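Me: I have just opened this model and would like to get to know it one step at a time. Could you walk me through it?

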Amino acid sequence: MAVASSMKTLFFLMLLCFISGGNSDLGESECLKVPVSEFAGTLRSTLGVVGRVVSTVSKFSGAFSDFRLNNAVADCLDLMDFSVDQLSWTLAASQNPKGKDNSTGNVIADMNTWLSGAMANQETCKEGFDGTNSPVRGLVFGSLDQLTSLVHNLLSMVKPNPTTPSKGGSGGRKLITSAQFPDWLKSHDRKLLQASSGEVADAVVAADGTGNFTSIEEAVRAVPDYSSRRYVIHIKKGVYKEYVEISKKKWNIMLIGDGMDATVISGDRNFVDGWTTYRSATFAVRGQGFIARDITFENTAGPEKHQAVAFRSDSDLSVLYRCAFRGYQDTLYAHSMRQFYRECKITGTVDFMFGDGTVVFQNCDILARKGLANQKNTITAQGRKEQTERTGFSIQFCNISAEADNSNPTYLGRPWKLYSRTVIMQSYISNAIRPEGWLEWNGNFALNTLFYAEYMNYGPGAGLGGRVNWPGYHVLNDSAQATEFTVAEFIVGNKWLPATGVRYTAGLVM
């Protein structure tokens with residue numbers, strides 16, 4: 001059924017592309033380096049490749065006795081289906097830059113985000129076949145490599161996002177932005193984040209039967225598809241041992257728990273037991289505009305089970321507020337799109353904050369925990385594959401430390417992909433972090449092309465004297481550089497063009 005739906009969507013979109021591509025009036029664009037007709041033509045070619053991947057992979061759906069291989073096929077179909085949406089949003093924005101659907105109003109940033117999401121999707125499809133040996137791997141990889149090249153070309157056709165002048169001086173330890181939440185978070189939603197859950201809920205989940213539903217998955221299924229209004233689900237205290245997937249059709253869902261340690265969503269899927277990393281998530285969300293407050297997402301598989309995701313997100317313009325993410329390897333999978341984490345607690349061992357999203361973590365506790373003997377802890381493994389992608393991790397105003405029993409050498413991150421990008425600024429770094437700060441992935445891989453940076457950090461582990469001397473590592477020395485990675489710039493981009501002359505705070509206030 002999902003495959004049929006995907007193919008119908010693909011056919012409709014390709015028809016739309018064909019009609020639009022034939023419009024001779026489509027010329028220069030305010031957001032593209034090339035004529036819209038050329039951009040649309042490349043999109044049509046890209047969609048054609050997506051269609052071939054879907055056609056090839058769908059023949060193998062559920063056809064194998066190998067559990068991991070069946071999961072890899074299912075992942076690939078889901079990911080390609082989502083790529084169709086991301087490419088369609090990009091097409092619509094290129095032809096109607098002033099449209100507001102599915103966007104922030106910053107067309108360049110939006111298009112870059114969606115294309116970067118499509119790039120992450122095909123890469124994750126390939127990764128799902130790791131550990132398998134099947135002809136389907138060879139059949140699909142050629143088309144996926146072609147898809148990578150086409151999406152790369154599309155990204156290179158989008159104009160650079162203009163930057164805004166920063167405001168603020170130097171010095172001081174604690175900087176703070178002018179607003180607690182990103183400016184795309186509406187005032188109504190800000191109130192909901194701070195309201196009493198019982199006063200605002202559309203539905204209540206309670207394991208003891210005192211609510212509308214006894215499981216979270218049931219409550220999510222009841223949410224209207226593509227809802228333009230915020231739909232609030234209150235999850236009462238308790239441990240919910242279930243796997244929740246919020247599909248791409250479920251927009252604007254807000255989950256409110258009874259507290260970080262009171263409402264817990266728990267699972268133990270993992271790579272060793274045959275799950276792909278992508279599908280191992282206890283909780284996964286793709287529907288845009290997702291918000292969660294006062295909830296713990298955990299994966300209890302343990303360090304010996306390797307990749308075991310607690311929370312995975314492809315939700316654009318999403319907020320996680322006062323939530324906890326507990327696991328070991330690969331705890332938090334910020335797979336793609338723009339995400340904001342505020343006052344959260346994130347714990348794990350190896351690469352426990354990873355993915356190719358465009359993400360700001362602000363005022364969070366980030367704690368390495370005890371892993372396997374002789375194992376090295378790495379906090380981040382950001383997965384930017386192409387230099388043209390807007391993606392990366394920005395960690396701001398956070399506490400980076402370790403749990404009391406952790407004795408594993410701990411590093412700020414390592415480069416999962418060639419253009420891995422992580423910036424840590426204005427954060428406390430404890431002596432749990434090794435003096436060199438960062439760890440190689442495999443020899444010299446990506447050391448010239450990654451972008452790792454630190455700005456105005458403090459604490460016993462923040463000293464720069466012993467840091468790595470890789471070409472891709474940087475010490476940021478002024479606020480103008482750091483401003484690029486603040487909430488206002490990095491997640492949303494420049495919503496007001498410089499030509500307007502409007503003065504505004506870009507994210508750093510002294």
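Me: Let's start with K248: buried or exposed?
Reply: K248 has a relative accessibility of 10%. Buried means under 20% relative accessible area, exposed over 50% and partly exposed in between, using a 1.4 Å probe and protein chains only. That is why K248 counts as buried.

Me: Before going on, which pLDDT must side-chain atom pairs have to count here?
Reply: Residues are numbered from 1 along each chain as its sequence is written, and side-chain values use heavy atoms, leaving out hydrogens and water. This is a predicted model: totals for chains, interfaces and linings use all residues, local features need pLDDT of at least 70, and side-chain atom pairs count only at pLDDT 80 or more.

Me: How many residues apart in sequence are the parts that K248 and D85 tie together?
Reply: A salt bridge is a side-chain nitrogen of Lys or Arg within 4 Å of a carboxyl oxygen of Asp or Glu. K248 forms one with D85, and their closest N and O atoms are 3.1 Å apart. K248 sits in the loop between strand 4 and strand 5, while D85 is in helix 3 (residues 67–95), so the distance along the sequence is 163 residues. Those names follow DSSP runs, numbered from the N terminus: helices (H or I) have at least four residues, strands (E) at least two.

Me: And D85, buried or exposed?
Reply: Let's check its accessibility. D85 has a relative accessibility of 11%. Therefore D85 counts as buried.

Me: How many salt bridges does the structure hold?
Reply: Start with the general idea: side chains of opposite charge can pair when their charged atoms come close. Counting the pairs in this structure gives 24 salt bridges.

Me: How many residues apart in sequence are the parts tied together by K417 and E127?
Reply: K417, which is buried at 11% relative accessibility, has a network around it: salt bridges link E123, E127, K385 and K417. The side chains of K417 and E127 meet at 2.6 Å, N to O. K417 belongs to the loop between strand 22 (410–413) and strand 23 (421–425) and E127 to helix 4, so the parts they tie together are separated in sequence by 290 residues.

Me: How many residues apart are the parts joined by R467 and E454?
Reply: R467 and E454 are both buried. Their side chains form a salt bridge of 2.7 Å, N to O. R467 lies in the loop between strand 25 (451–455) and strand 26 (473–475) and E454 in strand 25, so the answer is 13 residues.

Me: Where does the largest cavity lie?
Reply: A cavity is a set of points on a 1 Å grid over the protein atoms alone where a 1.4 Å probe fits but cannot get out, and its lining residues have an atom within 4 Å of a point. The largest cavity holds about 90 Å³ of space, where volume is the space filled by probe spheres set on the points, joined across faces, edges and corners. Its lining has 13 residues, with A120, E123, T124, D356 and G383 nearest the centre. Both domains give residues to the lining, so, with bounds from an automatic or database domain assignment, the cavity lies between domain 1 (30–157) and domain 2 (187–500).

Me: Which residue of strand 2 stands opposite V205?
Reply: All five residues of strand 2 (residues 231–235) are buried, so the rest of the structure largely encloses this strand. Strand 1 (residues 203–205) pairs with strand 2 in parallel over three bridges; two strands pair if DSSP finds at least two bridges between them. Opposite V205 stands I235.

Me: What is the phi of N252, roughly?
Reply: N252 is in the loop between strand 4 (244–246) and strand 5 (253–257). With a relative accessible area of 17%, N252 is buried. Although N252 is not a glycine, its phi is positive, about 60°.

Notes
On a 1 Å grid over the protein atoms alone, a cavity is a set of points where a 1.4 Å probe fits but cannot get out, and a pocket is an open set with protein on both sides within 12 Å along at least five of seven lines; lining residues have an atom within 4 Å of a point.
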